[in-house]
Amino acid sequence: MLARLGTRQGGPLRVTPPRRRTRRVGLILLGLLALPAQAEPLAIHYLERRIERPTPLNNEDPIPDDEGLKGAELGLKDSNATGRFVALNFTLDSRVVEPGEDLRAAFRALGERPRFVVLNAPAEDVLALADMPEAKGTVFLNVGAPDSRLREADCRPRLLHVLPSRAMLADALVQFLAYKRWTRILLLSGPAPADALYAEALKTSAKKFGARIVAESRFDPQGGDTRDTALREFVLPTRGPEHDVVAVADEAGAFGANLVYNTAAARPVIGTQGLTPAAWGRPVEAWAAVQLQSRFRRLAGRAMRPIDYAGWMAVHALGEAAVQARSTDSDTVAALVLSPRFEVGGFKGRPLSFRAWDGQLRQPVFLLWPGAVTATAPIEGFLHHRTELDTLGPDEPESACRAFRKPG
């Protein structure tokens, strides 16, 4: 091999020995050989039942059609960005079913025995899919149904819950009330079945943490517009015994926003409107959450909502399990996600994990009003022998879930 010759201005001819060049090329080849081989991608599915929603009041932004899906898409981007360092990658197949269409047929169309399905659907659909014979071995990650019964008597094995339950949300709120010593609650509920479930969760939490429901009433707007009549219309249903707060259960937003400042007494409004417990919200910035908020806004062109966060967390948790296991083998990833030793970060200041007795993701809950995070639950002083996160929602001795418990 001829030596490479070069010149230097005003200096002697310089010769580069061929041996140095050969050594450099050899080191580059060794480095390439040391890179891990690219594994088969881990396939993740996103399945959603779109539901009809009422027109929002007060010119508020409607709930976006892509709520949940955009979070899952960001989770995929983040997982692939991390996975490339260990030669792992991930795919996301998303399907959205319109109201009235067959969600089970959409599940069958995912292919033979899909292993991981991020599910954004009402509780009835969640149970229908989890009970399908074709779903045996599938790990479902519920990001859209807050129903406590899915974590209790109607729990299913391999059904994990990323979205907080209504019980967790209510516990977060009542912990705050107990800390503030605002323990006398006047409860106003809407007519929808979901409103009754939210109200029941608040009553259970009040008993749990030493608060009292001093009066309870029901308000039905009957399809009318309460914006012009709120000054008069809410006086009677919020009049009652001495109370510290007015709790509202109006998940559809039919009237709750107009209740603020229109109660009979000058009292804070809490619950589905006013001071609201949520897994995520626009004001959340601590623990580097502003980075997640910014990445999501660049992707979706809007703020990240609680179900978006749950969609992101579901895909992120699967990606993190694969990275920890250094594998995209579905059995290996499923075993780790379902293991009590699995922990994952979620921009909430502490590691998050799935409860071994009901599949619920342990996580802090934010108490929000539109301008700020008022507090983060668990509230200081509420202790637990395992983790304070288990003060939110039913603890293991109280749980009615049996599907996750091993026989004997």
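Reader: Hi! Which residue stands opposite leucine 187 in strand 10?

Author: Hello! Leucine 187 has alanine 247 opposite it in strand 10. This is a predicted model, where local features need pLDDT of at least 70, side-chain atom pairs count only at pLDDT 80 or more, and totals for chains, interfaces and linings use all residues. Residues are numbered from 1 along each chain as its sequence is written, and side-chain values use heavy atoms, with hydrogens and water left out.

Reader: Thanks. What is the bridge partner of leucine 187 in strand 9?

Author: Glutamate 216 is the partner there. Strands here are DSSP runs of E with at least two residues, helices are runs of H or I with at least four, and both are numbered from the N terminus.

Reader: Nice. What is the strand order in that sheet?

Author: The order is 9-8-10-11, an open sheet of four strands with parallel pairing. Strand 9 and strand 11 (269-271) are at the edges with a single partner strand each, so one side of each has no neighbour in the sheet. On average, neighbouring strands are turned by 30° against each other, direction ignored.

Reader: Which strands does helix 6 touch?

Author: Helix 6 packs on the sheet and touches strand 8, strand 9, strand 10 and strand 11, and its direction makes about 140° with that of strand 10. Axes are lines fitted to C-alpha atoms, for helices over the stretch in contact, with angles from 0 to 180 degrees between N-to-C directions. Contact means heavy atoms within 4.5 Å. Helix 6 (residues 193-209) also forms a right-handed β-α-β unit with strand 8 and strand 9.

Reader: Switching to helices: at what angle do helix 5 and helix 6 cross?

Author: Roughly 45°, with the axes of helix 5 (residues 166-180) and helix 6 coming within 8 Å. The two helices are therefore oblique to each other. For these labels, under 35 degrees is roughly parallel, over 145 roughly antiparallel, 65 to 115 roughly perpendicular, and the rest oblique. Residues meeting there include Ala170 and Leu173 in helix 5 and Leu197 and Tyr198 in helix 6.

Reader: How far apart are the axes of helix 10 and helix 11?

Author: Those axes are 9 Å apart, and helix 10 (residues 306-325) packs against helix 11 (residues 330-337) at about 110°. That makes the pair roughly perpendicular. Among the residues in contact are Ala317 and Leu318 of helix 10 and Val333 and Leu336 of helix 11.

Reader: Last one: where is alanine 279 found?

Author: Alanine 279 lies in the loop between strand 12 (276-278) and helix 9 (289-300). Alanine 279 is buried, with a relative accessible area of 3%. Leaving aside neighbours within four places in sequence, its contacts include Pro164, Tyr309 and Phe366. Its C-alpha atom is 7.3 Å from that of proline 364, which is 85 residues away along the chain.

How values were computed: Pairing = 2+ DSSP bridges. Right-handed = clockwise from strand over helix to strand, strands pointing away. Buried < 20%, exposed > 50% of the residue type's maximum accessible area, 1.4 Å probe, protein only.
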